[in-house]
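Here are my notes for you on this one, as numbered points. Keep the picture open while you read, and find each residue as it comes up.

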Amino acid sequence: MKIFIKSTLVIAGFLLATILRAEPVLKDVFKKDFLVGAALNPSQFCESNIAEVEIVKSQFSSISPENVLKWERIHPLPDQYDFSLADKYVDFGLRNHMFILGHTLVWHSQTPDWVFQNAQGKPLTREQLLARMHDHIRTVVGRYKGKVNGWDVVNEAVDEKGGLRVTPWLKIIGKDFLVKAFQFAHEADPQAELYYNDYGLENPMKRAGALALVNQLQAAGIKIAGVGLQGHYQLATNSPTLREVDDTITAFARLGVKVMITELDIDVLPSAWAALTADVSLKRKAEAGLNPYTNGLPADVQAELVSRYASLFAVFLKHRDVVGRVTFWGVTDGDSWLNDWPVPGRTAYPLLFDRKIKPKPAFFKLVTMGVAASNAGAFNRPCATDSGMAAQQ
Ligand code: XIL
């Protein structure tokens, strides 16, 4: 009996110690709300960066490929596909039972020039480009049929004014290139979820264009599962506003599609666009101020970042019935593309884990919010009757 009591106490003590030691887990606290994802690079899915791999496995329920499924990587030459890294990415997701994203099939960027030209360097005809698009989608989506759960079929097809962006896809094929891309993807894997993905849809003019586009796709019989709001947001300009994010989610939800936040990061650095377009003397002056936090993020900016993440997640939680996934564009600040875009060599702080791979204050804030939401059901109210937004604006 004594031995039984003793061993029971030891086991109970061990369990308690494990619980107390346990790191909070993003994917668990938001489990009832939405998937939580991260975009990965090869050092993570090939498991060479052990510390980051641990974070990916423990914290995230979904993964996106930051670059390895883009056309230039997977199909670099007309007769050459290279699946080496993409296969490793997909295997990593399967081994860890994650929701696996494919990003992206039809885009104007990171797509080689040859895609739009014949062997003599002359533009392809509509039929030739459609055949090339069909071959690419059938080959890539077909290879991962039943493994990749959802595809960003078309990326960034709408311009800032809400029209279709003028790209070789549009110029050569015409505006039905989107319908065709979705049809080819559906044909290659009828079970996969298919999405339209873009940035800046919070801007009402651009949003109107994307809403019209989704409408047209639906009218053409396309089963579009969701719209991805990339979510590359800025701290300095407080852009977009929470109201815009809220209205955007509501507007797409009305069309009966899910909304995914697909590439979330919050840039704390000053906007570089003015400097990029300025003349040389002004440019030098502006560049000097573009990289202010090389020695660490000041406490007040860190606090602003926490509060911006918290208010955005309040909006996502409010719309948990239609928000299917929130994916961060990277794992740690050190990985972020914002260190090199739109100007190279800056020190960016847009994510939830720092350069030492430790959780940042924003991480703990979101975990607390997730726990509170699942405990209290506080965010369960329908959108129309929720008055919390006004207070957070
Ligand atoms: C970015 C990657 O993060 C960078 O590594 C790469 O150099 C350029 O592309 N919108 C998208 C993503 O849909 O694919 C982009 O990813 C970021 C903007």
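1. Let's start with the second largest cavity. Its lining is made up of Ser64, Leu101, Gly102, His103, Asp152, Thr262, Glu263, Arg325 and Trp329. Bear in mind that this is a predicted model.

2. Which strand gives the most to that lining? It's E3, with three residues. Strand E3 covers 99–106, and strand E8 covers 258–267; each of them supplies at least two residues of the lining.

3. The volume of this second largest cavity is about 40 Å³. Sort its lining residues by type and you get two nonpolar, four polar and three charged.

4. Now for the largest cavity, which holds about 50 Å³ of space. Among the residues lining it are Val106, Trp107, His108, Glu156, Arg165 and Phe177. In total, two cavities reach 30 Å³ or more.

5. Where does the ligand sit? In the largest pocket. There are 13 residues around the ligand, and Glu66, Lys70, His103, Glu263 and Trp329 come nearest. That shell divides into three nonpolar, six polar and four charged residues.

6. Have a look at the polar atoms too. A side-chain N or O atom of Lys70 is 2.7 Å from an oxygen atom of the ligand, and for Gln110 a distance of 3.2 Å separates a side-chain N or O atom from a ligand oxygen. Glu156 has a polar side-chain atom 3.3 Å from a ligand nitrogen. On its own the ligand exposes 410 Å², and the protein buries 78% of that.

Notes. Residues are numbered from 1 along each chain as its sequence is written. This is a predicted model: local features need pLDDT of at least 70, side-chain atom pairs count only at pLDDT 80 or more; totals for chains, interfaces and linings use all residues. Side-chain values use heavy atoms; hydrogens and water are left out. A residue is near a molecule or strand if one of its heavy atoms lies within 4 Å of it. A polar contact is a pair of N or O atoms within 3.5 Å; within protein, one must be able to donate a hydrogen and the other to accept it, and residues adjacent in sequence count only if both atoms are side-chain atoms. Accessible areas come from the Shrake-Rupley method with a 1.4 Å probe; for residues, only the protein chains shown count as cover. On a 1 Å grid over the protein atoms alone, a cavity is a set of points where a 1.4 Å probe fits but cannot get out, and a pocket is an open set with protein on both sides within 12 Å along at least five of seven lines; lining residues have an atom within 4 Å of a point. A molecule sits in a cavity or pocket if more than half of its atoms lie within 2 Å of its grid points. Ala, Val, Leu, Ile, Met, Phe, Trp, Tyr, Cys and Pro count as nonpolar, Asp, Glu, Lys and Arg as charged, and the others, Gly among them, as polar. Grid points are joined across faces, edges and corners, and a volume is the space filled by probe spheres set on the points. Helices (H or I, at least four residues) and strands (E, at least two) are DSSP runs, numbered from the N terminus.
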